[in-house]
Amino acid sequence: MTMATLAILIGLVLLVWSADKFVEGAAATAKHMGMPSLLIGIVIIGFGTSAPEMVVSALAASDGNPGLALGNAYGSNITNIALILGVTALIAPIAVQSQIIRKELPILLAVTLLAGWLIYDGHLGGVDAAILLVVLLGLMGWSIKEGLSQRQDILASEVDDELDSHPMSLKLAVIWLIIGLLFLVLSSRMLVWGAVTVAQSLGVSDLIIGLTIVAIGTSLPELASSIMAAKKGEHDLAIGNVIGSNLFNTLAVVGIAAGIHPLAVESEVLTRDWALMLALTVGLLVMAIGIKGPGRITRLEGAVLLGIYFSYTGYLGYGIISH
């Protein structure tokens, strides 16, 4: 138990560090290769911050722990909206100006509804995985088209500011990209082993561990990048990180995990976790698009999001303690 807890702690620290270096290296490499800034923001930064979830879930599924993989993906989505945007909005209210983000939010809602439809029968198999991954490829194609056609979107200027603040040569960018990827796999392996061992020791399902400890850990890169973006006034980059990550988690993370090993979905995942994920996504859509004015997430709304997150996590934690 002690070794497993230590593995979780060390794994989380390495995971956050390696994910940051991986995304930095990938973004700088893409910039040197001439990729448009908007495309870097949508694809590299938005989806790249989900690299921890993808590696952790793939390893968990290959080890025969599908509950951990699914809990990690859905738990991270809940954490991204309720905890990360809640904290970010408390630091500075988030104004949403990017037209790309306004287009991505309805897509995120549609993808969330698709996820609910696929898990309704209590099983995610090869066909479900194929559907998720085909939708992902279509979304990537749309993202590339939008990134190439709308270069003047405010998200592009925020990405430029972020890249200019951390100039990096092509050689150094490739080195950090490779090192980040290697340590991502190593730290994920440590985290999965520790999480499964702790779950078995406590006598709880690996789904609960995935929804709590692992989900928080793999979402830390998004938390760090969103807080930094908010402090710099890069509001669209902050919310763009969360939307891109949630899209990738729902489609790629779950799709890859289900493709590796069929996932048995407990009924609570649909009625508790997916339902909350859907409610938060609808709330984010309403706040970001704006009903009677420009879209923004206020400090009050940020506090409400945090209250929802701590209530949900407390409920799961009580279940672990009372088990």
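This is a predicted model: local features need pLDDT of at least 70, side-chain atom pairs count only at pLDDT 80 or more; totals for chains, interfaces and linings use all residues.
Visitor: Why is T29 called buried?

Guide: Buried means under 20% relative accessible area. T29 has 13% relative accessibility, so T29 counts as buried. The residue is found in helix α1, residues 2–32.

Visitor: Which residues does T29 touch, leaving aside those up to four places away in sequence?

Guide: T29 touches L170, A173, V174 and L177. Contact here means heavy atoms within 4.5 Å.

Visitor: What makes W17 and W176 an aromatic pair that is edge-to-face?

Guide: The structure holds three aromatic pairs. For W17 and W176, the distance is 5.9 Å centre to centre, with 80 degrees between the planes. Ring centres must lie within 6.5 Å to pair, and planes over 60 degrees apart count as edge-to-face.

Visitor: How do you know that the pair links distant parts of the chain?

Guide: W17 lies in helix α1 and W176 in helix α8 (residues 170–202), and the two are 159 residues apart. Ring pairs also link W17, W176 and F183 into a cluster.

Visitor: Why are W17 and W176 each called partly exposed?

Guide: The class covers values between the limits of 20% for buried and 50% for exposed. W17 has 33% relative accessibility and W176 has 23%, so each counts as partly exposed.

Visitor: What makes the charged end of K21 count as sitting over the ring of W176?

Guide: The charged end of K21 is 4.8 Å from the centre of that ring. The distance limit is 6 Å, and the charge must also be within 35 degrees of the ring normal. K21 is described as sitting over the ring of W176.

Visitor: How much space lies in the second largest cavity, and what classes of residue line it?

Guide: About 40 Å³ of space lies in the second largest cavity. Its lining has five nonpolar, four polar and no charged residues.

How values were computed
Residues are numbered from 1 along each chain as its sequence is written. Side-chain values use heavy atoms; hydrogens and water are left out. Helices (H or I, at least four residues) and strands (E, at least two) are DSSP runs, numbered from the N terminus. Buried means under 20% relative accessible area, exposed over 50%, partly exposed in between (1.4 Å probe, protein chains only). On a 1 Å grid over the protein atoms alone, a cavity is a set of points where a 1.4 Å probe fits but cannot get out, and a pocket is an open set with protein on both sides within 12 Å along at least five of seven lines; lining residues have an atom within 4 Å of a point. Grid points are joined across faces, edges and corners, and a volume is the space filled by probe spheres set on the points. Ala, Val, Leu, Ile, Met, Phe, Trp, Tyr, Cys and Pro count as nonpolar, Asp, Glu, Lys and Arg as charged, and the others, Gly among them, as polar. Rings of Phe, Tyr and Trp (its six-membered ring) pair if their centres lie within 6.5 Å; planes under 30 degrees apart count as stacked, over 60 as edge-to-face and the rest as tilted.
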